[in-house]
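Please open the model in a viewer and keep the sequence panel beside it.

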Amino acid sequence: MTEVVISIFIIIGVLFMLLGSIAILRMPDTYTRVNAATKASTMGVIGIMVGVFLYFLYIEDMMSGKILLTIAFVFITAPVGGFMMARSAFHAGVPFW
């Protein structure tokens, strides 16, 4: 049963990454592309890392604080990075769609 839950988290993460990459290609301007990339990559990486954390916790019987720190780091820094990219595009004069 734990393998199923771990696989579900990893598949959800991969689907978020796939949808984010499709959204980057489909969105019309820089600002919506940055938004799609930031949200999708954040949720994708967090989903995959939760699956990895659960794998090490239940299958390998090992608690990994590094994985929890990775989840927290991505959760905090990815939206800030997306905001800074959109802000720099705005200050550079990139037009809205």
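Begin by selecting H2, whose 30 residues should span 44 Å at 1.5 Å a residue; the end C-alpha atoms of H2 are 42 Å apart, which agrees. The expected span is 1.5 Å times one less than the number of residues in the helix. Helices are DSSP runs of H or I with at least four residues, numbered from the N terminus.

This is a predicted model, in which local features need pLDDT of at least 70 and side-chain atom pairs count only at pLDDT 80 or more, while totals for chains, interfaces and linings use all residues. Residues are numbered from 1 along each chain as its sequence is written, and side-chain values use heavy atoms, with hydrogens and water left out.

Next, select Thr-38, which lies in helix H2 (residues 30-59). Is Thr-38 buried or exposed? Thr-38 has a relative accessible area of 11% and is therefore buried (buried is under 20% relative accessible area, exposed over 50%, and partly exposed in between, with a 1.4 Å probe and protein chains only). Display the contacts of Thr-38 (heavy atoms within 4.5 Å): leaving aside residues up to four places away in sequence, Thr-38 touches Ala-78, Pro-79 and Gly-82.

Then extend the selection to Ile-6, Ile-46, Met-49, Phe-53, Leu-54, Ile-67 and Ile-71, the seven residues of the largest nonpolar core. H2 and helix H3 (65-91) are the elements that give two or more residues to this core, and H2 gives the most, with four. A nonpolar core is a set of buried Ala, Val, Leu, Ile, Met, Phe, Trp, Tyr and Cys residues joined through side-chain atoms within 4.5 Å.

Move on to helix H1 (residues 2-26): its 25 residues should span 36 Å at 1.5 Å a residue, and its end C-alpha atoms are 36 Å apart, which agrees. Colour Ile-6, Gly-13, Gly-20 and Ala-23, the buried residues of H1; what covers them includes H2.

Now select Val-5, also in helix H1. Val-5 counts as partly exposed because its relative accessibility is 32%.

Finally, look at the Asp-61 backbone: this residue follows H2 and has a positive phi, near 55°.
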